[in-house]
Amino acid sequence: MPDLISIEDLSRGDIEHIFSSIDHIRRSPDDFRRALAGKVVCMLFFEPSTRTRWSFEAAAHRLGAQVLSVPDARNTRLELGESLLDTTRMAGFYCDAVVARHADDRVMQRIKDTIRVPLINAGEGRTQHPTQTLIDLYTLREHFGGIDNLHIGIAGGIRYSRAAKSLIAGLRKFSNVRLHVVDAPHDADEGSAFPPALGELNGLAPLEYPSMKEMIGHVDMVYVVRVQQEKFTDPAAYARQLQKCRLHRGLLSRASAGLIVMHCLPRTDELDADVDETPQNKYFQQARHGVAVRSATLLRALGHRTANRLIGASRPC
Ligand code: CP
């Protein structure tokens, strides 16, 4: 079953195959207009979303599928105490694929075990966001022509961010990628070291810096992550951590030549709007890639024969 529960489930070859599908979809969208005609895809979002749900829905519509959308669990019988698993079981009965987001860690496998149709993880607790990672990796590959040998900087609340953790796991599929970090722990974790296992790439620990200012000259891409103000009890601690990670236009003069800036969005104070009009901004391009990346993911999940033929798949797409 071509589920997508974790980026760990994909080999480098799988990821490169998905990239080829994305290229084809972007180049010739009309080839795919009816690729999923007759299919129904359920968007089961138990947490808020702008980009992920909208781009999945847009992708499904552009591929000719029908969408059953649950953007707010308060409109389901969960409100009256029905279990999460019974709710997801119904989605599996009525639809051909389920796209789900939930705040709990490790909930996707439990959902998977209740349904007999493909499941795509659209964001799981603090652990996984595989389709965001495909967007991030595809954006890197588009800009640099490949991902091997890149120096990747991540700054912010990395240890709490599913997008950051998923990205690091995705980067492990590539060769000789080096990770650089600016860690911004919540005040409850202040003083604790950055978890070594989280940042290890190719057997090497991440290079850690006290601030964005120190890191930005050493990396090809900087990925800015929210500092999660709502998780701090002490406003001064939040201000301290934000100050370390915040990226504004003034810092770009210290950047290495060719640096790009990425962010999965939504952003708050950690990424100034004055970076938007610079050539380093690739975060809007990431968001734009959402529809093509999620189209490729839906085609892979639903294994449509026409889509496979169109994509020229050597294996099920
Ligand atoms: N990047 C991302 O997951 O955005 P949303 O929360 O808006 O879906």
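The residues that line the largest cavity divide into four nonpolar, three polar and two charged. Here Ala, Val, Leu, Ile, Met, Phe, Trp, Tyr, Cys and Pro count as nonpolar, Asp, Glu, Lys and Arg as charged, and the others, Gly among them, as polar. To see this lining, select Arg51, Gln132, Ile135, His263, Cys264, Tyr283, Gln286, Ala287 and Arg294. On a 1 Å grid over the protein atoms alone, a cavity is a set of points where a 1.4 Å probe fits but cannot get out, and lining residues have an atom within 4 Å of a point. The volume of the largest cavity is about 50 Å³, taken as the space filled by probe spheres set on the points, which are joined across faces, edges and corners.

Now colour α5 (130-144) and α10, the elements that each give two or more residues to this lining. α10 gives the most, with four residues. Helices (H or I, at least four residues) and strands (E, at least two) are DSSP runs, numbered from the N terminus.

A word on the model before moving on: it is predicted, with local features needing pLDDT of at least 70 and side-chain atom pairs counting only at pLDDT 80 or more, while totals for chains, interfaces and linings use all residues. Residues are numbered from 1 along each chain as its sequence is written, and side-chain values use heavy atoms, with hydrogens and water left out.

Next, the largest pocket, an open set of points with protein on both sides within 12 Å along at least five of seven lines. Select Arg101, Arg162, Arg226, Gln228 and Pro266, which lie nearest its centre among 28 lining residues. The pocket holds about 690 Å³ of space. Where does the largest pocket lie? Domain 1 (7-128 + 290-313) and domain 2 (131-286) both give residues to its lining, so the pocket lies between them; the bounds come from an automatic or database domain assignment.

Of its 58 residues, Val99, Leu137, Leu140, Ile152, Ile154, Leu171 and Leu298 touch the most other members. Helix α10 (residues 283-302) supplies the largest share, seven residues.

Conventions
Core = buried A, V, L, I, M, F, W, Y, C linked by side-chain atoms within 4.5 Å. Buried < 20%, exposed > 50% of the residue type's maximum accessible area, 1.4 Å probe, protein only.
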